[in-house]
Amino acid sequence: IYKKYIKDNYDVEIAFLEGPITRLFSVKNKKTDKIVWIHNDISKVFGRGVKAKVKKCIDKKTYLKYDKLAFVSEDNLKSFNKMYNTRKIKSKDKRVIYNYIDAKKILEKSNLGKAEEIKENSLNFVTVARLVPQKAIDRLIKVHSKLIKENGKTHNFYIIGDGPDKERLVSLIKKYGVKDTFFLLGKKENPYPYIKATDFYIQPSRYEGKAVTVREAQILEKPVIITNYPTAHSQLNDGIDGVIVSDSIQGAADGIEAFLKDKEKQNCIIAYLKAHHYGNESEAKKIDNLLSE
């Protein structure tokens, strides 16, 4: 249905998503430079079983149509190379280009507007994510419930974002009795005041490429907690500029509890974030090169 909108007078075609949308836009115009931008851990996107094998075969043919393949992290590239260990794929122009982050603009935007929903004089966590299974907000609700019941913690979780999982998440919030401490705030045009107004940023994902929101939280000097998804160690240095906790419900709850008790580690991480620059404005040059070469 979308192909009728694609004309022949473009110099570059870029597919920014894995899956059906990538196949949809692998059009037949031979004059254009075709680029696919791979944001996720390919091995996790595929899943398992017969359907995964079929998808792998179909997608392999799609990736062969592209002239250049860009990956948001070294781990993404490694995962892709392991998945497609063939001569034709190996010979493709592949390069790592981190998601562009303008630290100055993030800091400026964090001072615009007020995060009125955030409770003051309370321990607050925030996550910015699309409400889909990959981001594991369902698991975070259960972790939150465990922290309250097992450790008697008084804290609030705020989720910024929207998506198809919202209805299910609302049901889980009611089921686990956390409607007064776990809040789905919906999509915000400017999420940065919310990150700034909270104490910790948490990324509970089941898999990621390289989450931009983690870097944005580090720019705003917030201690970051992420689950141990396959590419987690390429996202941050555990114990230095954030912490990595187990990706199980009990393990994540235990890891968060241990971190909350360790004030010295929290202070060291904040001090490290203050002393380091987390923008990557130089990546813009890599994007220019990708489009012009």
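Helices α11 and α12 (residues 263-275) have axes that come within 5 Å and cross at roughly 85 degrees. The two helices are therefore roughly perpendicular to each other. Angles under 35 degrees count as roughly parallel, over 145 as roughly antiparallel, 65 to 115 as roughly perpendicular and the rest as oblique. This is a predicted model: local features need pLDDT of at least 70, side-chain atom pairs count only at pLDDT 80 or more, and totals for chains, interfaces and linings use all residues. Residues are numbered from 1 along each chain as its sequence is written, and side-chain values use heavy atoms, with hydrogens and water left out.

**Confidence**

- The chain has a mean pLDDT of 86, where pLDDT is the predictor's confidence in each residue, from 0 to 100.
- A pLDDT of 70 or more is reached by 87% of the residues.
- Residues 1-5 have pLDDT below 50. Beyond near neighbours in sequence, this stretch has three contacts in the model; contact means heavy atoms within 4.5 Å.

**Terms for helices and strands**

- Helices (H or I, at least four residues) and strands (E, at least two) are DSSP runs, numbered from the N terminus.
- Axes are lines fitted to C-alpha atoms, for helices over the stretch in contact. Angles run from 0 to 180 degrees between N-to-C directions.
- Two strands pair if DSSP finds at least two bridges between them.

**Helix α11 with helix α12**

- From α11, F259, L260 and K261 take part. They meet K263, K265, Q266 and I269 in α12.
- By class, this contact has three nonpolar, one polar and three charged residues. Ala, Val, Leu, Ile, Met, Phe, Trp, Tyr, Cys and Pro count as nonpolar, Asp, Glu, Lys and Arg as charged, and the others, Gly among them, as polar.

**Helix α7 with helix α11**

- Helix α7 (residues 137-151) packs against helix α11 (residues 249-261) at about 60 degrees, with the axes 9 Å apart.
- α7 and α11 are therefore oblique to each other.
- On the α7 side are R139, K142, V143, K146, L147, E150 and N151. On the α11 side are I249, Q250, A252, A253, I256 and E257.
- The contact of α7 with α11 has six nonpolar, two polar and five charged residues.

**Helix α7 with helix α8**

- α7 also packs with helix α8 (residues 166-175), at an angle of about 10 degrees and with axes 10 Å apart.
- α7 and α8 are therefore roughly parallel to each other.
- I137, D138 and I141 of α7 make this contact with R168, L169, L172 and I173 of α8.
- The classes here are five nonpolar, no polar and two charged residues.

**The four-strand sheet**

- Four strands form an open sheet with parallel pairing, in the order β1-β2-β3-β4.
- The edge strands are β1 (12-15) and β4 (93-96), and each pairs on one side only.
- From one strand to the next, the twist averages 20 degrees.
- β1 pairs with strand β2 (residues 33-38) over four bridges, in the parallel sense. A15 stands opposite V36 in β2.
- Helix α4 (residues 74-83) packs on this sheet and touches β2, β3 (68-71) and β4. The direction of α4 makes about 150 degrees with that of β4.
- Helix α13 (residues 283-292) lies across β1, β2, β3 and β4, and runs at about 145 degrees to β2.

**The six-strand sheet**

- An open sheet of six strands has the order β7-β6-β5-β8-β9-β10, and its pairing is parallel.
- β7 (182-186) and β10 (243-245) stand at the edges, each with a single partner strand, so one side of each is left without a neighbour in the sheet.
- Direction ignored, neighbouring strands of this sheet are turned by 25 degrees against each other on average.
- Strand β5 (residues 123-128) and strand β6 (residues 155-160) pair in the parallel sense over six bridges. V126 stands opposite Y158 in β6.
- Helix α10 (residues 212-219) lies across β5, β8 (200-203) and β9 (224-227). α10 runs at about 170 degrees to β8.
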